[in-house]
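The sequence and the structure come first, and the description follows.

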Amino acid sequence: MKKIFAVSLLLVLASAARAQTWFKGSLDLAVAKAKSENKLVLVEFYSGG
Amino acid sequence: MCRLLGQQYFSNARFQPFLDKNFVLFQADNGESMGAEISKRFAVSGTPTTLVLGGDGAEVDWFVGYRPPAGNYQAQLERILKGQNTFKALESALAVDPKNVGAIFGLARKWSERHDVAKAQEKYKEIMALDPDGKAGFYTDGNDFVTAPYAEYAKLDLAISNSLGPKPDLMPIRTFIAENPQSHLVKKAFLFLASYYGEQPPGREADKFFAELEARFPSDPEVLVSCLTRIVRGKGPADKAVELAGRLRALTAFSPDPDINLVIAQAYELSGDKAKAADAYGEIFMETKVQNLAYGLLSYAKYWVDRKEHLESALAMAEAALKLQTNEGPSFFRSIAGVYLKAGNESKALDVYGPAWLENKAVAKNDQEINSYASFWMRQGKNLDSALAAVRKALEIRPEAYYYWSSLSDVYARMNNKAEAIKAAEKAIELAPATEKAALQKKLDGLKDSAAEKN
């Protein structure tokens with residue numbers, strides 16, 4: 001059981017490490033961050049229901 | 001987040017460094033108040049939509065939908081970063097030259113993709129006013145590679161957008177067909193009408209249209225599939241379905257397509273001919289497709305490995321070919337091993353076609369196949385102990401075969417065991433027919449010379 005938990009935890013950690021970091025905050029703040037880092041803002045519109 | 005896009009692209013470690021380097025990522029969920037407000041602000045109506053903004057908050061470009069594989073999505077973002085055909089670049093071009101028809105057309109397509117019919121129509125009308133004769137340039141559709149003047153595309157897109165809505169009016173499309181009989185876009189116009197009539201219940205008008213469509217494009221598989229699909233959906237007439245199915249099979253025999261053969265099978269089923277349905281879309285058909293795909297993947301892998309380009313994809317496709325074709329003959333595994341060796345992955349080559357393959361009793365092998373294994377590794381100068389074991393095995397089966405003695409000599413020579421190489425070459429000459437002796441003697445002389453030089 002412990003082994004299964006450990007493996008699951010590893011998988012969760014591994015997938016968390018892979019997941020992209022989405023900006024938390026308003027779009028205006030995301031734009032300001034992009035400007036300061038000389039990047040673009042990628043806005044992904046989706047329907048989460 | 002669109003599930004597929006999330007899984008295939010945003011959660012794919014391969015693309016993370018690119019995203020981290022170039023973008024701040026922001027999600028707008030239409031189902032939540034902030035996301036809905038942002039959707040409204042940018043008039044985004046469909047999802048998934050990807051909108052790229054600059055550091056000033058202005059729109060740089062956008063694209064709608066997600067078409068796997070993930071590389072397609074990546075390519076779109078790379079294009080935007082390069083400023084190729086972006087909304088911003090097109091707007092800049094137009095600022096320099098307000099009569100730039102190509103830029104106006106590009107913007108019209110952008111708005112059309114964004115489902116902003118009014119803005120798209122405005123641009124299309126500008127094109128028709130500026131370039132009524134269609135001389136300003138051409139556009140090639142990336143999906144079907146049909147090339148036509150901007151003005152013709154504008155005319156057809158305007159006709160199509162006018163025909164959409166709660167009360168479809170097909171007349172503008174009919175007018176386009178009548179006024180542009182030689183246009184490469186006539187088929188597109190017909191297929192748009194087919195998509196409309198295909199949804200209508202069978203009736204005089206729809207029947208008349210499909211008869212016209214078939215008469216106009218009697219040898220076009222795409223058109224015939226459209227005609228046949230409608231008959232299958234309407235469950236008849238069966239004799240017409242069989243006639244179209246036969247024509248489609250003949251037209252697509254060079255490279256049968258599972259989606260087309262599915263409709264062909266449905267047509268035969270409609271006529272009660274289950275045997276023909278199974279012939280068109282049964283086990284043998286699909287197994288042949290799988291086999292062909294495996295060899296197609298292998299050819300792809302070889303092509304790119306030879307050029308030392310797209311190596312990651314080439315190896316992924318070699319791996320996929322292996323998964324598809326576990327019961328193939330030795331030449332298949334040999335070719336895959338060759339791909340891995342060219343890519344510098346010897347251990348993977350050995351996994352596929354190494355000692356384990358040679359010793360695997362479940363895989364039946366004759367002496368020729370065993371000798372081919374030995375020759376393959378001899379040429380590579382790798383896995384030579386196993387190559388030696390293989391050629392000895394071949395000789396156990398056929399000890400009188402001079403060519404296996406010659407192979408044995410080659411393997412020993414590659415192992416730098418000149419004495420044994422000479423002995424095996426002498427045996428090969430002893431057993432060889434008169435016509436082969438001279439060539440073998442030359443090889444033996446070479447071996448003796450190199451042995452003497454060494455001493």
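In α8(B), the buried residues are Tyr150(B), Ala151(B), Glu152(B), Tyr153(B), Ala154(B), Lys155(B), Leu156(B), Asp157(B), Leu158(B) and Ala159(B). The model is a predicted one. Helix α8(B) is mostly covered, with 10 of its 14 residues buried. The partners of these buried residues are α6, α7, β4, β5 (147-149), α9 (171-179) and α10 (186-197) of chain B. The end C-alpha atoms of α8(B) are 20 Å apart, which agrees with the 20 Å that 14 residues should span at 1.5 Å a residue. After the helix comes Gly165(B), with a positive phi near 125°.

Helix α6(B) covers residues 101-113, which makes 13 residues. From its first C-alpha to its last it reaches 18 Å, close to the 18 Å expected at 1.5 Å a residue. Its buried residues are Val101(B), Ala103(B), Ile104(B), Phe105(B), Gly106(B), Leu107(B), Ala108(B) and Lys110(B). The elements that cover them include α5 (87-96), α7 (117-130), β4 (138-140) and α8 (150-163) of chain B. Just after α6(B), His115(B) has a positive phi of about 65°.

Not counting residues up to four places away in sequence, Ile127(B) touches Val101(B), Ile104(B), Phe105(B), Ala108(B), Tyr150(B), Ala151(B) and Ala154(B). The largest nonpolar core has 80 residues, and those with the most contacts inside it are Val41(A), Val52(B), Ile127(B), Ala154(B), Leu228(B), Ile264(B) and Ala267(B). Another core, of 26 residues, lies apart from it and includes Ile370(B), Ala374(B), Leu388(B) and Ala421(B).

The contact between the chains takes 23 residues from chain A and 32 residues from chain B. On the chain B side, α2 (16-22), β1 (23-29), α3 (33-41) and β2 (49-53) each supply at least two residues. The most come from β1(B), which gives 7 residues. By class, this side of chain B has 17 nonpolar, 13 polar and 2 charged residues. Strand β1 (residues 40-46) of chain A pairs with β1(B) in the parallel sense, over 7 bridges. In this pairing Val41(A) stands opposite Val24(B).

Within chain B, β2(B) pairs with strand β3 (residues 59-64) in the antiparallel sense over 5 bridges. Thr50(B) stands opposite Phe63(B) in β3(B). The two strands form a hairpin with 5 residues between them, and Gly57(B) in the turn has a positive phi of about 85°.

| Site | Angle | Loop of chain B |
|---|---|---|
| Pro68(B) to Pro69(B), cis | omega near 5° | Pro69(B): between β3 and α4 (70-82) |
| Gly236(B) to Pro237(B), cis | omega about 0° | Pro237(B): between α12 (221-233) and α13 (238-252) |
| Lys235(B) | positive phi of about 60° | between α12 and α13 |
| Asn416(B) | positive phi of about 70° | between α23 (402-414) and α24 (418-431) |

Terms used. Residues are numbered from 1 along each chain as its sequence is written. Chains are lettered from A and ligands numbered from 1 in the order in which they are written. This is a predicted model: local features need pLDDT of at least 70, side-chain atom pairs count only at pLDDT 80 or more; totals for chains, interfaces and linings use all residues. Two residues are in contact if their C-beta atoms, placed from the backbone, lie within 7 Å. Helices (H or I, at least four residues) and strands (E, at least two) are DSSP runs, numbered from the N terminus. Ala, Val, Leu, Ile, Met, Phe, Trp, Tyr, Cys and Pro count as nonpolar, Asp, Glu, Lys and Arg as charged, and the others, Gly among them, as polar. Two strands pair if DSSP finds at least two bridges between them. The expected span of a helix is 1.5 Å times one less than its number of residues. A residue is buried if 20 or more other C-beta atoms lie within 10 Å of its own, exposed if 12 or fewer, and partly exposed in between; C-beta atoms are placed from the backbone. A nonpolar core is a set of buried Ala, Val, Leu, Ile, Met, Phe, Trp, Tyr and Cys residues joined through C-beta atoms within 7 Å.
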